[in-house]
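Here is my note on the model. Please read it with the coordinates open.

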Amino acid sequence: MAKVFVTGHTGFKGTWLCHWLRLLGHDVCGYSLPQNILNKKELESAMQKFKPSLVFHLAAQPLVLASYKEPLLTYQTNVIGTLNVLEAARKCKSVKAFVNVTTDKVYENKENGRAYKETDSLGGHDMYSSSKACSEILSQSYSKSFLENSFTLATARSGNCIGGGDWAENRIVPDCIRAIYANKPIEIRNPNAVRPWQFVLEPLHGYILLGEKHLQGNFNFGPDSVIPVKDIAKKVVKFYGKGKIVRAHCNTGVFNTPQHEANLLMLCNKKAKKLLGWKPKYTIDMALEKTVEWYKRFKAKENMEKFMLCQIEEYMNYE
């Protein structure tokens, strides 16, 4: 059993990660909300008190469109916040491994039909993507500057996650579910955009392996195949058994600019397969069927913690 400190534990992926870690028998301390990781003194105090051996840093401003509205908060949270967590970990002598969770959007996306490798150039057209690229560069510099005789530091670049409990705005699955709940048409902004969709537990499995194996460096966690947004929406409707899809009306202003969202993004997952023994388990149909089932059970007011643990155990035992 390890003592594990998780920032962003109340978020979509953070919630699933904490359930999984506790299921494995670990002692977990969650730490959330942007202002908290920006409060260096409180953060350091919390980590010193808990004395973790492993830190997962997931706290972030995670939305592309929100980064246009709040660029300063996006950079403060995703860059300065990351530095604060790293500093708190360095001052806490019990820490042995640190996993900084970033995103597949850290790459300089040229949309040339090639899946990005960990050695490809970083970039970002929007403020969210560029802030996460800065977090990656910060991690590399911090490791070289301060961690030679300290903890291991790895960064995890995940594809687009789908799964129960995601309520973020302007994400296709939550948008579909909200529309279905409200008996309204499902509006799609960018139906032909292609993303590396995967069940939420796929990258979390990779994060846990990184922490357990104390590896350094950058790792992609993405599926073996990709599909467009419109197909995701169609499958949600199919598995839910209701819903109507329409094309959203375009708005004027910054959110209608062509660079705010990429049309194609793919990840190469060969490094994670080779060094971690990690591989995607679920097809996109399996991922969406399990995701829709979560939202159906939530609507029926079932015990969602119990159901999430069942889905985690099912994933762990699936070959």
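1. Start at one strand pair. Strand β3 (residues 54-57) and strand β4 (residues 97-101) run parallel and are joined by four bridges. His57 has Asn100 in β4 as its bridge partner. Strands count as paired when DSSP finds at least two bridges between them. Strands are DSSP runs (E, at least two residues), helices likewise (H or I, at least four), both numbered from the N terminus.

2. Ground rules. This is a predicted model, with local features needing pLDDT of at least 70 and side-chain atom pairs pLDDT 80 or more, while totals for chains, interfaces and linings use all residues. Numbering runs from 1 along each chain as its sequence is written, and side-chain values use heavy atoms, without hydrogens and water.

3. The sheet around that pair. Six strands form an open sheet with parallel pairing, in the order β2-β1-β3-β4-β5-β10. β2 (27-31) and β10 (217-221) are the edges; each has a single partner strand, so one side of each lacks a neighbour in the sheet. Neighbouring strands are turned by 20 degrees against each other on average, direction ignored.

4. A helix on the sheet. Helix α1 (residues 12-23) lies across β1 (3-7), β2, β3, β4 and β5 (152-158). Its direction is at about 170 degrees to β1. Axes are lines fitted to C-alpha atoms, for helices over the stretch in contact (heavy atoms within 4.5 Å); angles run from 0 to 180 degrees between N-to-C directions.

5. Whole protein. It has twelve helices and twelve strands. The C-alpha atoms fill a box of roughly 55 × 40 × 35 Å along the principal axes. Buried residues (under 20% relative accessible area, 1.4 Å probe, protein chains only) make up 53% of the 319 residues.

Technical notes:
Buried means under 20% relative accessible area, exposed over 50%, partly exposed in between (1.4 Å probe, protein chains only).
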